[in-house]
Amino acid sequence: MILVVGGTGTIGSEVVRLLQEAKLPFKALVRDAAKARELNARGVQTAAGDLREPRTLPAALGGVDKVFVVTPLVPDQVQMRAALITAAKTAGVKHFVMSTGIGAAPDSPVQIGRWHGENQQQVQESGMAWTFVQPGFFMQNLLMYAQAIREKGEFYMPLGEGKVSWIDARDIAAVAVQALTKPGHENQAYPVTGPQALSGAEVAAALSAAAGRPVRYVAITLEQAKQAMTGMGMPESLADAMNELYALAPPGYLAGVLDTVPKVTGRPARTFAEFAKAHAAAFGAA
């Protein structure tokens with residue numbers, strides 16, 4: 001039995017879909033009753049629980065052999081995952097699969113990497129077998145700019161002329177599901193990227209081709225990005241942490257391309273053009 005934590009998010013929902021497609025026994029941890037009803041209606045077994053309420057976790061972990069967890073970027077994500085790690089160890093979970101981030105380590109030069117690294121270390125010290133899926137920037141993050149692309153034909157990011165090896169969240173999930181369901185992935189860290197590194201202009205070209213009309217990349221400053229993120233309600237500390245990641249693009253630190261996805265899944269990683277085509281309607285296809 002697999003417990004999926006974060007099963008209604010970008011990566012987790014694809015993990016749920018793949019496990020359901022394979023007819024494997026799993027349940028999704030859900031804290032929102034409405035989301036539980038939606039999953040139940042699709043034939044997905046759910047377990048009530050909340051990482052911010054550790055007392056709810058033992059019941060959800062009953063009978064569980066393996067856990068997959070992905071959490072959003074929130075100020076208390078380290079504490080949330082630490083609660084799950086502790087509860088999983090106590091419940092006798094054998095294998096803990098966690099989505100973190102490329103370069104995650106306790107001594108990472110960026111805050112988000114250190115947060116992920118702290119939880120990775122906790123899992124490694126727990127005695128459970130572990131697998132860490134460590135993605136770079138998600139292609140699906142571009143969907144946040146879909147409205148601006150539809151209305152203005154533009155998207156704005158503080159990447160300068162730096163290239164990014166964007167990865168499709170569906171490929172992140174596919175690697176995680178291999179780790180959950182096939183032997184030989186225990187105690188492995190899998191940094192994952194897409195098959196090519198693209199500049200902002202190259203991303204815009206792929207979006208233009210999918211939408212059938214011009215899309216332009218507008219490079220903005222880190223300060224402008226911070227103002228936009230905090231203006232949407234993101235805490236300042238998280239905006240600063242995101243800007244640390246964006247600042248890695250101009251020097252080329254986000255441009256590395258790895259073959260982890262094909263090695264683990266047996267098929268090529270999706271290209272950005274494939275992602276753009278799949279979401280053409282969101283970007284305002286003509």
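Strand 5 (residues 95-99) and strand 6 run parallel and are joined by five bridges. Helices (H or I, at least four residues) and strands (E, at least two) are DSSP runs, numbered from the N terminus, and two strands pair if DSSP finds at least two bridges between them.

A word on the ground rules: residues are numbered from 1 along each chain as its sequence is written, and side-chain values use heavy atoms, with hydrogens and water left out. Because this is a predicted model, local features need pLDDT of at least 70 and side-chain atom pairs count only at pLDDT 80 or more, while totals for chains, interfaces and linings use all residues.

- Seven strands make an open sheet with parallel pairing, in the order 3-2-1-4-5-6-8.
- Strand 3 (46-48) and strand 8 are the edge strands, each pairing on one side only.
- On average, neighbouring strands of this sheet are turned by 20° against each other, direction ignored; axes are lines fitted to C-alpha atoms, for helices over the stretch in contact, and angles run from 0 to 180 degrees between N-to-C directions.

- Seven of the seven residues of strand 6 (residues 129-135) are buried, so the strand is largely enclosed by the rest of the structure; buried means under 20% relative accessible area, exposed over 50%, partly exposed in between (1.4 Å probe, protein chains only).
- In a regular strand the side chains alternate between the two faces of the sheet.
- Here both faces are covered, with Ala129, Thr131, Val133 and Pro135 buried on one side and Trp130, Phe132 and Gln134 buried on the other.
- Strand 6 also pairs in the parallel sense with strand 8 (residues 188-192), over five bridges, and there glutamine 134 has proline 191 as its bridge partner.
- Strand 5, helix 5 and strand 6 form a right-handed β-α-β unit; right-handed means that, with the strands pointing away from the viewer, the path from the first strand over the helix to the second runs clockwise.
- Helix 5 lies across strand 5 and strand 6, at about 165° to strand 6.

**Helix 7**

- Ten of the 13 residues of helix 7 are buried, so this helix is largely enclosed by the rest of the structure.
- Among the buried residues are Asp171, Ile172, Val175, Val177 and Leu180.
- Helix 7 lies across strand 1 (2-5), strand 4 (66-69), strand 5, strand 6 and strand 8, running at about 165° to strand 4.

**Nonpolar cores**

- The largest nonpolar core has 38 residues, and those with the most contacts inside it include Leu142, Phe155, Leu159 and Trp166; such a core is a set of buried Ala, Val, Leu, Ile, Met, Phe, Trp, Tyr and Cys residues joined through side-chain atoms within 4.5 Å.
- Helix 10 gives the most to this core, with six residues.
- Leaving aside neighbours within four places in sequence, leucine 159 is in contact (heavy atoms within 4.5 Å) with Phe137, Val164, Trp166, Tyr217, Tyr246, Ala249 and Pro250.
- A second, separate core of 32 residues includes Val4, Leu18, Phe26 and Val30.

- Glutamine 77, in helix 4 (residues 77-91), counts as buried at 2% relative accessibility.
- Alanine 146, in helix 6, counts as buried at 5% relative accessibility.
- Not counting residues up to four places away in sequence, alanine 146 touches Ala282 and Phe283.
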